[in-house]
Amino acid sequence: MTGQPYYIGAKGWDDYLLEVVNAVRDAGNDVADEVSRSTAQAASDATKTRRAIEDASLSQAGAVREVREAAEWGLSLLFEQGEEQAEWLAQISRQLDGIARALRSPQRTRCRELVRAGNDLMLRGHFRKALERFEAALVYDDTDFHLQLLLGKLLLYGRNARESVVDVARAVGALESALDYSLTERKAEEAATKVRIDAQRHLGIGLFVAGTEASVVGAE
C-alpha cells in the first residue's frame, strides 16, 4: 500500500468536502433564519410595547385633562358663587349701614322726609305748602345741601297764577349755602358735585335778578 492514496470508499475526497461545505451552508442558513425570526419577533414585541406605552400615555394624558377640566369648572363655579355671596353680603351691609345711620340720626331722617314732601308739593305748584315743609326741615338739619338748593329754587321761581313765594334775597342766601355745604361734603361727592353745579347756575340767575331789582329801585 506504500505510495498508494488512502482509500475512503466510492466517493472521492472532493465529494466529502462538498458535503461538508453544504452541511455548513445549510446549518448557517438555519441559524440565519432563526436569527431573522428572533429579530422579527423582537421587533414585533418592541412595537407592541411602544404602542402599549403610547396608549397608556394617551390614556393618562386624557385622565389628567379630565381632572384638570373638572377642577377648572369647580373653581369657576366656586368663584361665581363667591361673587354672588360677596354682592349679597355687600347689599346687606349697605342696608345695615342705612339702618344704623337712621338710628344714629333720626333728625337727619326727618329732615329728608320733609325735603321729599316739600319737593313733591313744589313740583305740583303748591308753593306755600312746599315752603312750609322746607322751613320745617331746616329745623332738623340746615346744612343739608339738597334742602338749601330746593329752597333757593323755590324762593327764586315759586310763582304762579294762584300764589307766589318769591324772595330773591332769601333765594340767593339759600343757594350760597347749598354751594358752601356741597363743597365740604365728603361722603356723597358725586351728588354734591351735581348740587354744586346746579346751585352755581341758579345763584348766577338770582344775583342777576337781585342786581336788576336793585337798579330799578335805585332809579325810582
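Colleague: How many salt bridges does the structure hold?
Modeller: This is a predicted model, in which local features need pLDDT of at least 70, side-chain atom pairs count only at pLDDT 80 or more, and totals for chains, interfaces and linings use all residues. Side-chain values use heavy atoms, without hydrogens and water, and residues are numbered from 1 along each chain as its sequence is written. A salt bridge is a side-chain nitrogen of Lys or Arg within 4 Å of a carboxyl oxygen of Asp or Glu. The number of salt bridges in the structure is 10.

Colleague: Which parts does the pair of Arg112 and Asp144 tie together?
Modeller: The side chains of Arg112 and Asp144 form a salt bridge with an N to O distance of 2.7 Å. Helices are DSSP runs (H or I, at least four residues), numbered from the N terminus. Because Arg112 belongs to H2 and Asp144 to the loop between H3 and H4, the pair ties together parts 32 residues apart in sequence: helix H2 and that loop.

Colleague: Is Asp144 buried or exposed?
Modeller: Buried means under 20% relative accessible area, exposed over 50%, and partly exposed in between (1.4 Å probe, protein chains only). Asp144 has a relative accessible area of 3%, so Asp144 is buried.

Conventions. Helix = DSSP H or I, 4+ residues; strand = E, 2+ residues; numbered from the N terminus.
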